[in-house]
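Good morning, and thank you for making time for this presentation. Please have the sequence and the coordinates open while I speak.

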Amino acid sequence: MKKQDITFGIHAVEAVLKHSPERVIEMWVQAGRDDQRLASLLQMAAEYGISVQKAARKVLDDKSDSGQHQGVLARVKAVKQLNDNDLLSLVEKTETPFFLILDGVTDPHNLGACLRNADAAGVHGVIVPRDNSVGLTPTVSKVACGAAEVVPLFQVTNLARTMKSLQEKGVWIVGAAGEADSDLYKTDLKGPLAIAMGAEDKGLRRLTRESCDSIASIPMAGSVSSLNVSVATGICLFEAVRQRL
Ligand SMILES: C[S@@+](CC[C@H](N)C(=O)[O-])C[C@H]1O[C@@H](n2cnc3c(N)ncnc32)[C@H](O)[C@@H]1O
């Protein structure tokens, strides 16, 4: 089992330092980089007694697999993987649950952007099938800009079964699909809710779609057939936020 991860980028490293500094094992910063935001990370690291090494850019490039590390990288203890049991106990203690389901998103940039949207919209957690989905990779953390460190990510073995358990606890599940007849803006998104988004290539799988209580589309004016999944996620989540004000 993987016990350690690499996290890079100013927002991502800052979020771990802020929310769970005990996870940070050590940090590297790019030698010769004079940046106010890096300086504040170094100060936080010093406060928590975290060892920081200065290294050439090439070292950070290699450790981040040439990701956009912005001159900072941390080796961190991996977060505990959250499963169905963790999800259902969170639902039980949450007054009006609000979840995002991603049915097989495989691009780390899309998952990172969806986590960022989810955090901004105040969702209680993001649910993904354990297989055929990207997990919490360093690129996901970087793109999520700190959201990956705070939004619980539940990796479930059988998504349809998890959806049924959520429904038994009173959560209404709305699937998003471009070809649906119902208009998202006319769909009630106020109560205990999970919004399900499909994968980049195939959209919602048949069983996931059949497990939804309703399916809605974002009206499109132009000629393209669909939106990018992270863009569609942002629109769906913030329509729910607007209705839930
Ligand atoms: C790139 S799209 C998938 C397109 C795919 N070819 C299909 O058949 O659904 C990824 C996901 O974004 C969401 N999405 C994209 N455009 C949408 C729209 N106009 N209305 C509702 N959801 C949309 C859906 O959840 C979709 O499964």
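Predicted model: local features only at pLDDT ≥ 70, side-chain atom pairs only at ≥ 80, totals over all residues.

Let me begin with a definition: a residue is called buried if 20 or more other C-beta atoms lie within 10 Å of its own, exposed if 12 or fewer, and partly exposed in between.

Leu227 is situated in the loop between E10 and H9.

Where does Ile218 lie? Ile218 is in the loop between strand E10, residues 214-216, and helix H9, residues 229-244. Ile218 has 18 other C-beta atoms within 10 Å, so it is partly exposed. Setting aside residues up to four places away in sequence, Ile218 touches Leu184, Leu227, Ala232 and Ile235.

According to an unreviewed UniProt entry, Gly198, Ile218 and Leu227 carry the feature "binding site". The three positions are spread over 30 residues of sequence, yet they cluster in space, with a largest C-alpha distance of 13.4 Å.

The axes of H9 and of helix H5, residues 108-121, come within 9 Å and cross at roughly 10°. At that angle, H5 is therefore roughly parallel to H9. On the H5 side, the contact is made by Asn110, Ala113, Cys114, Asn117, Ala118 and Ala121, and on the H9 side by Val229, Ser230, Thr233, Gly234, Leu237, Phe238 and Val241. Which classes of residue make up the contact of H5 with H9? There are eight nonpolar and five polar residues, and no charged ones.

A second pair is formed by helix H4, residues 84-92, and helix H7, residues 159-168; they pack at an angle of about 20°, with their axes 11 Å apart. H4 is therefore roughly parallel to H7. Their crossing is right-handed. H4 contributes Asp84, Leu87, Leu88 and Val91 to the contact, while H7 contributes Thr162, Ser165 and Leu166. By class, the residues of this contact of H4 with H7 comprise four nonpolar, two polar and one charged.

Leu88 is found in helix H4, and with 15 other C-beta atoms within 10 Å it is partly exposed. Apart from its neighbours within four places in sequence, Leu88 is in contact with Ser165 and Lys169. Between Leu88 and Thr162 there are 8.9 Å in space, C-alpha to C-alpha, although they are 74 residues apart in sequence.

How far apart are the C-alpha atoms of Lys58 and Leu88? They are separated by 44 Å, at 30 residues apart along the chain. Lys58 has its place in helix H3, residues 57-63. It has 9 C-beta neighbours inside 10 Å and so counts as exposed.

Over residues 6-82 the chain is 38% helix and 27% strand, and the end C-alpha atoms are 19 Å apart.

That concludes the presentation, and I welcome your comments.

Terms used
Residues numbered from 1 in each chain as written. Axes fitted to C-alpha atoms, helices over the stretch in contact; angles between N-to-C directions. Helix = DSSP H or I, 4+ residues; strand = E, 2+ residues; numbered from the N terminus. Parallel < 35°, antiparallel > 145°, perpendicular 65-115°, else oblique. Left-handed = near helix turned anticlockwise from the far one by under 90°. Contact = placed C-beta atoms within 7 Å. Nonpolar A, V, L, I, M, F, W, Y, C, P; charged D, E, K, R; others polar. UniProt positions renumbered as here; feature names shortened; annotations may be inferred.
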